[in-house]
Amino acid sequence: MDGPIAADFSEFVRARTPALLRTAFLLTGDRHLAEDLVQDALARTHRALRKLADEGHFEAYTRTAMYHLHVSRWRRRRFAESLDSELLDRADPVRDHSARVDLQVSLHQALAQLTPRQRAVLVLRYFEDRTEAEAAAQLSCSIGTIKSQTSKALARLRAIAPDLIASSAAEGAAR
Amino acid sequence: MSDDDDLPVLRQAMAGLAEHGGSTDLYDRTVHTSRRLGRRRAIASGGAVAAAVLAIGVPVALAQRQQSPALPPATVPSASTSAEPSTPAPTATPSRTVTPTGTTPTRRETTHRPSSPRTSSPPSRPADTGCPVSAAILEEAADYPAGYRIKPADIRCSQGWATAALTAPSPEQQGDGVVIFQYTRATKTWKKVGEGSDVQCADYGMPKSTGLCY
């Protein structure tokens, strides 16, 4: 598969892989699993190059494939320890950003306890800043499902890592 | 839900956590995986055709074998009209009904459109729901990465809908949900419509009477 489309795809992969990896890392919680996920999604895009007439569709197609692969794989997470230690190494109490790193550790542990779909919904809504309708289109489900999954996921986060939610509520109350 | 829409701490933590994703160059791995997928798909489609031939051909052959002794030779062509395509092949060879090899009727079953409105009286064939469906067909429709399998015993099929548990290549990757498939009668194909551990009928427009959802 050569030609201008292949060249565009090559350029797209090299330019957008870091952004895709960021999303994939939130979905999987592990760098290696994130790479696998992005790689598989990109491979599906590569298979569909002939259908994707212009370059603008590459990312949308890849992201859709990534979310579908993630939800369908039900990957079991066995990565919490390694990543936590990596994060904790950076959580120097004397430094200003230690609180932020603590929150990241809490978030990482909390995300690992959600279902893949709940996790995907949270990433779409609060990382990619998608609307409920856009999230529903991305995951090929109804808006009602997005609402219910978001509600369940946030309720679980409240129970596991109240700092992530409670501090925002406190922030809101203070306003 | 307005509170839930504005969660700055959560958003900030997500943005920070996402930075651990790295920036590996995946182009070569992507192309390699794409080629592997292409080879796997070619194998799967060949297997799906073979499975469809077996899945449909064997029951038809058995049904014809059961019917043939009860029917006098003169009635045999009319009995087989329901399985015939619209081509009015005059005086079909009677030998076809004696010992069907399975190949001839099968091909007609899988590749031809529904016959013209000359419905014969015995409604011996149920509506085309796509059931039963083979694991190979669903694996192809599901389009999962190499190593993921659907076992025939894990397939449930009813009224043009099917669910199947997925067997992961390793225990670490094994999940507890099912993949949901819908049959398209016009094209005689199955497509994946979703997956999850709780299959709610309303999410997919699936009738509760299938017994596959709630």
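In what order do the four strands of the open sheet in chain B stand, and is their pairing parallel or antiparallel? The order is S1-S2-S3-S4, and the pairing is antiparallel; two strands count as paired if DSSP finds at least two bridges between them. Keep in mind that this is a predicted model, where local features need pLDDT of at least 70, side-chain atom pairs count only at pLDDT 80 or more, and totals for chains, interfaces and linings use all residues. Residues are numbered from 1 along each chain as its sequence is written, while chains are lettered from A and ligands numbered from 1 in the order in which they are written.

Strand S3 (residues 178-184) of chain B runs antiparallel to S4(B), and seven bridges join the two. Here you'll find Val179(B) opposite Glu195(B) in S4(B).

Now zoom out. Chain B has seven helices and four strands, taken as DSSP runs (helices: H or I, at least four residues; strands: E, at least two) and numbered from the N terminus. From that end, the elements run α-α-α-α-α-α-β-β-β-β-α. Helix H6 (residues 135-142) of chain B lies across S1, S2 (161-165), S3 and S4 of chain B, at about 65° to S4(B). That angle is taken between N-to-C directions, on a scale from 0 to 180 degrees, with axes fitted to C-alpha atoms, for helices over the stretch in contact; contact means C-beta atoms, placed from the backbone, within 7 Å.

Methods: Contact = placed C-beta atoms within 7 Å.
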